[in-house]
Amino acid sequence: MPQITQTLAAGVNFDGTAGNGLIDFPAASPTKAGDDTQRVNVITASIAIGQVSGNARLRDVVIAFGPSLDAVKDDGNGYLFVADSDVHQFVVPLGLVLPPHWLGFVFATEASGTFIKTMVLDYNRVTLAPVAGGTT
Amino acid sequence: MTLEVQTNTVMDGTAGKGFFDFSTVVNASNLERRVLLTNVAVNIDDGVGFSTCLFAMAASLADVADRKGIALPFQTSGSSNEWATVSRLHLVPTAWSLFIFCTYAGGPFDVHAVVGSRIVTERHARAF
């Protein structure tokens with residue numbers, strides 16, 4: 001199963017931007033020739049967010065998915081998977097099927113001191129056929 | 001907000017059969033932007049369990065059919081009186097709806113779907 005990993009230096013928070021929590025599925029796993037890109041969904045399997053070592057904690061850990069960073073902010077039309085706050089490590093099964101072209105965004109803030117932190121996401125890209133009776 | 005429906009037909013995400021419209025709880029006096037979906041539970045009683053339960057959220061049923069919604073973890077082959085559940089917290093736009101699809105072998109039987117949710121601001125949500 002493909003993985004997307006990011007490691008952030010001490011003092012740098014996950015804020016959903018490139019290299020700092022942006023999960024770009026199309027860039028990580030480009031569609032194959034002949035794929036109907038309108039039908040390539042993403043299945044997110046699990047995600048782990050936390051520090052590399054030590055006992056420092058993260059706060060305001062939020063995992064969000066949407067077509068853009070703006071979409072997962074206030075008043076946006078994206079989707080947020082509520083995570084946790086004040087945690088040393090956050091490991092959770094996601095099991096979500098996401099629409100084509102959506103991106104992932106991780107937010108997490110250092111709660112105590114500065115420390116190196118990582119994010120690991122397991123996922124798959126699949127081509128889903130439309131449901132009978134639905135629009136295409 | 002807790003909603004409950006009973007039906008003796010297969011839940012197919014349509015009105016009265018697995019359709020939960022969050023926008024009905026949004027009004028001019030609340031300016032919040034997300035629905036906090038706290039739990040979804042589906043139960044089929046009277047002897048025969050469900051074969052598959054799928055939970056999806058999107059702006060419309062057509063979007064679900066067209067793979068533009070979000071599907072939540074689904075459960076298969078539940079026993080009689082066993083609940084298919086979603087227990088994690090999810091935040092969705094208030095304009096979205098929840099669609100439940102549930103089939104069962106040997107039916108039809110009564111189906112109970114309970115959806116727990118409330119409207120929150122994202123600021124509140126981040127405090128969870």
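In these legends, a contact means that heavy atoms lie within 4.5 Å. The views come from a predicted model, in which local features need pLDDT of at least 70 and side-chain atom pairs count only at pLDDT 80 or more, whereas totals for chains, interfaces and linings use all residues. Residues are numbered from 1 along each chain as its sequence is written, chains are lettered from A and ligands numbered from 1 in the order in which they are written, and side-chain values use heavy atoms, with hydrogens and water left out.

View 1. Strands, at least two residues of E, and helices, at least four residues of H or I, are DSSP runs numbered from the N terminus. A:E110 counts as buried, at 13% relative accessibility, where buried means under 20% relative accessible area, exposed over 50% and partly exposed in between, for a 1.4 Å probe and protein chains only. Not counting residues up to four places away in sequence, A:E110 touches A:A9, A:A10, A:G11, A:V12, A:N13, A:R57, A:L58, A:R59, A:F115 and A:K117. The side chains of A:E110 and A:K117 are joined by a polar contact of 2.8 Å, and a polar atom of the A:E110 side chain lies 3.1 Å from the backbone nitrogen of A:F115. A polar contact is a pair of N or O atoms within 3.5 Å; within protein, one must be able to donate a hydrogen and the other to accept it, and residues adjacent in sequence count only if both atoms are side-chain atoms. A:K117 also lies over the face of A:F115, at 5.2 Å from the ring centre, the criterion being that NZ of Lys or CZ of Arg is within 6 Å of the ring centre and within 35 degrees of the ring normal.

**View 2. The loop between β7 (89-98) and β8 (103-110) of chain A, at A:P99.** A:P99 counts as buried, at 2% relative accessibility. Leaving out residues up to four places away in sequence, A:P99 touches A:N41 as well as B:R67, B:K68, B:G69 and B:I70. In the loop between β7 and β8 of chain A there is also A:H101, which counts as partly exposed at 44% relative accessibility. The phi of A:H101 is near 75 degrees, a positive value in a residue other than glycine. B:R67, which A:P99 touches, likewise is not a glycine and has a positive phi of about 65 degrees. B:R67 lies in the loop between α1 and β6 (70-71) of chain B and is buried, with a relative accessible area of 6%.

**View 3. An aromatic pair formed by A:W102 and B:W96.** Over all chains, a search of the whole structure finds 3 aromatic pairs. Rings of Phe, Tyr and Trp (its six-membered ring) pair if their centres lie within 6.5 Å, and planes under 30 degrees apart count as stacked, over 60 as edge-to-face and the rest as tilted. The pair of A:W102 and B:W96 is tilted, at 6.1 Å centre to centre and 35 degrees between the planes. This pair joins two chains, because A:W102 lies in the loop between β7 and β8 of chain A and B:W96 in the loop between β9 (90-93) and β10 (97-104) of chain B. A:W102 is buried, with a relative accessible area of 9%, and B:W96 is buried as well, at 6%.

**View 4. The largest nonpolar core, seen around A:I63.** A nonpolar core is a set of buried Ala, Val, Leu, Ile, Met, Phe, Trp, Tyr and Cys residues joined through side-chain atoms within 4.5 Å. Of the 48 residues in this core, A:I63 and A:Y79 touch the most other members, and the largest share, 5 residues, comes from β7(A). Leaving aside neighbours within four places in sequence, A:I63 is in contact with A:I47, A:I49, A:L80, A:F81, A:A83, A:F90, A:V92, A:L94 and A:F105. A second, separate core of 10 residues includes A:V82, A:F105, B:L36 and B:L91.

**View 5. Confidence along chain B, with its lowest mean in helix α2 (residues 122-126).** Chain B averages a pLDDT of 70, with 50% of the residues scoring at least 70; pLDDT is the predictor's confidence in each residue, from 0 to 100. Helix α2 of chain B has a mean of 49, whereas confidence in this chain is highest in helix α1 (residues 61-65), at 87. Over residues 124-128 of chain B the pLDDT is below 50, and this stretch has 13 contacts in the model beyond near neighbours in sequence. Where pLDDT is low, the predicted coordinates should not be read in detail.
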